[in-house]
Protein chains: 2
Amino acid sequence: MFYRFGHQSFKTIEPAPGFSVRAISGKNVMLCDVALQPHSESPLHSHPYEEMSLIIEGEFDMKIGDEGQLLKPGDVYHVPPGVIHGGVTHEQRTVMVSVFSPPRKDYE
Amino acid sequence: MFYRFGHQSFKTIEPAPGFSVRAISGKNVMLCDVALQPHSESPLHSHPYEEMSLIIEGEFDMKIGDEGQLLKPGDVYHVPPGVIHGGVTHEQRTVMVSVFSPPRKDYE
């Protein structure tokens, strides 16, 4: 059994320019270490996965459904399956930890 | 619908001295912001939840099943349901993000 994953075990994905994701899957959850460069974007999209994220550094100017919020370190957002969401960064590099359940097939 | 949770929305739990957890639940996942003071401990235990964590700051000297590892920032550990695990910090304050699926009833 292999319980620990070092940096090198992650798969790195770049869903959009300046937006990189290191993803690792368990059985029902996928944990992602997400970094967005200043002035980059996670374009509006939806997916069939539940998503929760905690902002670690920077700011994320986010839309979820018809709500808009500027998220800061310590804030958490929750996106139920099927809800349209996306966001942009401004001046700061932004780091967050995101979790998807079940694991996203497009990040595996 | 309420998608965003500020600092104040978290429930804070102290499972052991010097070990604090801010927990927030979705439907199938619970996201936790975990801080351990230097020389503190998450005593060996098991639970029926899948657990994955990403180390953000510090170090976590961990046992999972019969494996021991010193985890550093960027490392991830995975604990399947029912597997005994726990860990200690040494000189440094340690921060990690942990996710449980399904949400832990004892943290709700």
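I take a polar contact as a pair of N or O atoms within 3.5 Å; within protein, one atom must be able to donate a hydrogen and the other to accept it, and residues adjacent in sequence count only if both atoms are side-chain atoms. I am working on a predicted model, where local features need pLDDT of at least 70, side-chain atom pairs count only at pLDDT 80 or more, and totals for chains, interfaces and linings use all residues. Residues are numbered from 1 along each chain as its sequence is written, chains are lettered from A and ligands numbered from 1 in the order in which they are written, and side-chain values use heavy atoms, with hydrogens and water left out.

**Entry: the interface**

I looked up polar contacts between chain B and chain A and found six residue pairs, both residues at pLDDT 80 or more.

Next, the extent. Chain B gives 39 residues to the contact and chain A gives 39 residues, with contact meaning heavy atoms within 4.5 Å. The buried area (accessible area, 1.4 Å probe, that two parts lose on being put together, summed over both) is about 3,200 Å². Carbon and sulfur atoms give 65% of it. On the chain B side, Tyr3(B), Arg4(B) and Leu31(B) supply 22% of the area buried against chain A, more than any other three residues.

**Entry: symmetry**

A rotation of 180° with 0.0 Å of shift along its axis does it, at RMSD 0.0 Å. The two copies are therefore related as by a two-fold rotation axis. Both use the same surface: 100% of the contact residues of chain B recur in chain A.

**Entry: Arg22(A)**

I found Arg22(A) in strand 3 (residues 19-25) of chain A; strands are DSSP runs of E, at least two residues, numbered from the N terminus. Arg22(A) is buried at 16% relative accessible area (buried is under 20%, exposed over 50%, partly exposed in between; 1.4 Å probe, protein chains only). Its side chain makes a polar contact with the side chain of Asp33(A) at 2.6 Å. The side chain of Arg22(A) also reaches the backbone oxygen of Gly74(B) at 3.2 Å.

**Entry: Ile84(A)**

I placed Ile84(A) in the loop between strand 9 (76-79) and strand 10 (85-88) of chain A. Ile84(A) is partly exposed, at 47% relative accessibility. Among the residues that Ile84(A) touches are Leu44(A), His45(A) and Lys63(A).

Notes
Copies are superposed by least squares on the C-alpha atoms of residues with pLDDT of at least 70 in both. Helices (H or I, at least four residues) and strands (E, at least two) are DSSP runs, numbered from the N terminus. Lists of a residue's contacts leave out its neighbours within four places in sequence.
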